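Let's take a walk through this one together, starting with a charged pair and working out to the whole chain.

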Amino acid sequence: METRTLRTGLALTVLGLGGAQFGNLYREMPEDEVKRTVEVAWESGIRYFDTAPHYGMGLSERRLGKFLAQYPRDEFVLSTKVGRLIRDNPGGTGTGDEAYFVPNTTKRVRDYSGDGVRKSIEESLDRLGLDRIDIAFLHDPDEYWEPASQEGAPALAELRDSGVINAFGAGMNQSEMIARFIRECDADVCMLAGRYTLLEQGANAEVFPACEETGAKIVVAGVHNSGLLGKPRPEAGANYNYETAPTELIERANRLADICEKHGVTLPQAAVNFPLHHPHVVSVSVGASKAFQLQQSLERIRAGVPAALWQELADSGLVDFTGSPHLASR
């Protein structure tokens with residue numbers, strides 16, 4: 001599989017496997033299905049894997065580390081996240097906290113301090129059972145800019161410069177603060193969820209100009225905008241940004257689907273390929289709660305998209321291709 005390289009020299013495959021579902025996101029995922037999904041990823045050539053302590057109170061890290069341990073460590077890239085420490089929750093009952101179906105015997109504690117970041121890395125390594133983490137992302141620091149930028153980012157930069165990790169950045173659902181981490185905190189790579197998709201290109205305004213200035217790169221997640229772009233035709237009640245999509249966005253998605261169909265391409269196929277046209281995007285990270293879902297993403301990447309489709313989307317004004325070396329919206 002094609003790879004793209006960070007300024008630190010680390011090479012990521014253009015398709016990565018995200019581990020949120022491995023933490024029982026929305027529903028329980030059997031361990032044998034996790035194992036099979038990781039195997040499908042490896043057999044297909046995927047060598048970039050992402051996880052986080054947040055995903056199932058550490059369950060995703062434990063599972064991903066367990067099933068990656070059978071492969072040569074130097075042959076894959078692993079990212080995890082910092083900012084949420086997992087702590088005991090005495091008296092916690094039931095399951096399903098923050099949409100992850102795991103026992104509520106532990107809880108998440110936000111901590112973007114230098115000590116918190118270092119502790120998070122240490123605990124993630126213990127859960128993963130691996131010798132190192134390649135990329136560390138500050139996870140959703142939207143309301144925590146000051147500690148994350150003034151303490152967490154410098155701690156991660158120190159870990160990078162000393163060789164403990166290869167690269168760092170932030171992982172968020174917004175563009176503005178990602179651009180600030182790139183410009184002000186020396187971030188190497190950031191994970192941007194949902195803000196650079198067929199449906200919206202907010203990254204064009206600030207994120208990609210910041211990348212151009214510094215050499216930072218972007219991993220794109222959430223390419224289906226929480227489900228709205230996940231099927232050939234958006235369904236009534238489809239989700240967008242984790243909520244029910246407004247009518248005008250469903251109509252816009254249908255207009256995108258109309259153009260895709262003219263070129264023999266499905267909407268999800270175009271959605272997973274779209275971010276990779278941009279030179280500052282190094283990888284698209286997709287999740288899967290079943291192995292066949294990952295197979296679908298692989299088939300869509302392999303099929304590619306004809307240049308004529310991108311050109312018509314640009315000409316239609318539905319998609320902003322600013323920064324593309326081959327296209328410019330008119």
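Arg108 is a buried residue, with a relative accessible area of 14%. That puts it under the 20% cut-off for buried. Its salt-bridge partner is Asp97, and the closest N and O atoms of the two are 2.7 Å apart. Arg108 sits in strand E9 (residues 106-110) and Asp97 in strand E7 (residues 95-97), so this pair ties together parts 11 residues apart in sequence. Asp97 itself counts as partly exposed, at 31% relative accessibility. Bear in mind that you're looking at a predicted model.

Why would such residues pair up at all? Side chains of opposite charge can pair when their charged atoms come close. Across the whole structure, a search turns up 31 salt bridges.

Next, have a look at Asp186 and Arg7, which form a salt bridge with their closest N and O atoms 2.9 Å apart. Here Asp186 lies in the loop between helix H5 (176-185) and strand E12 (189-193), while Arg7 is in the loop between strand E1 (3-5) and strand E2 (11-13), so the bridge ties together parts that are 179 residues apart in sequence. Both ends are partly exposed: Asp186 has 39% relative accessibility, and Arg7 has a relative accessible area of 35%.

Then there's Arg160 with Asp161, whose side chains meet in a salt bridge at 3.0 Å, N to O. Are these two buried or exposed? Arg160 is buried, at 12% relative accessible area, whereas Asp161 counts as exposed, at 60%. Through shared partners, salt bridges join Arg7, Arg160, Asp161, Asp186 and Asp188 into one network.

Now for the nonpolar side. In soluble globular proteins, nonpolar side chains tend to be buried together. In this model the largest nonpolar core has 94 residues, and the members that touch the most others are Phe49, Ile182, Leu198 and Ile218.

You'll find it in helix H7 (residues 247-262), and at 0% relative accessibility it counts as buried. Leaving out residues up to four places away in sequence, Ala253 touches Leu199, Leu228, Leu229, Pro234 and Leu267.

Finally, zoom out. The protein chain has 10 helices and 16 strands, and its C-alpha trace spans about 55 × 40 × 40 Å along the principal axes. How does the radius of gyration fit a compact globule? For 330 residues such a globule would have a value near 20 Å, and the chain's 19 Å agrees with that.

Buried residues make up 58% of the 330 in the chain. Among contacts between residues at least 6 apart in sequence, 71% join residues at least 24 apart. The accessible surface of the chain comes to about 13,300 Å², and carbon and sulfur atoms account for 47% of that.

How values were computed. Residues numbered from 1 in each chain as written. Predicted model: local features only at pLDDT ≥ 70, side-chain atom pairs only at ≥ 80, totals over all residues. Heavy atoms only, no water. Salt bridge = Lys/Arg side-chain N within 4 Å of Asp/Glu carboxyl O. Helix = DSSP H or I, 4+ residues; strand = E, 2+ residues; numbered from the N terminus. Buried < 20%, exposed > 50% of the residue type's maximum accessible area, 1.4 Å probe, protein only. Core = buried A, V, L, I, M, F, W, Y, C linked by side-chain atoms within 4.5 Å. Contact = heavy atoms within 4.5 Å. Rg over C-alpha atoms; globule rule 2.2 N^0.38 Å. Areas by Shrake-Rupley, 256 points an atom, 1.4 Å probe, with all protein chains shown as cover.
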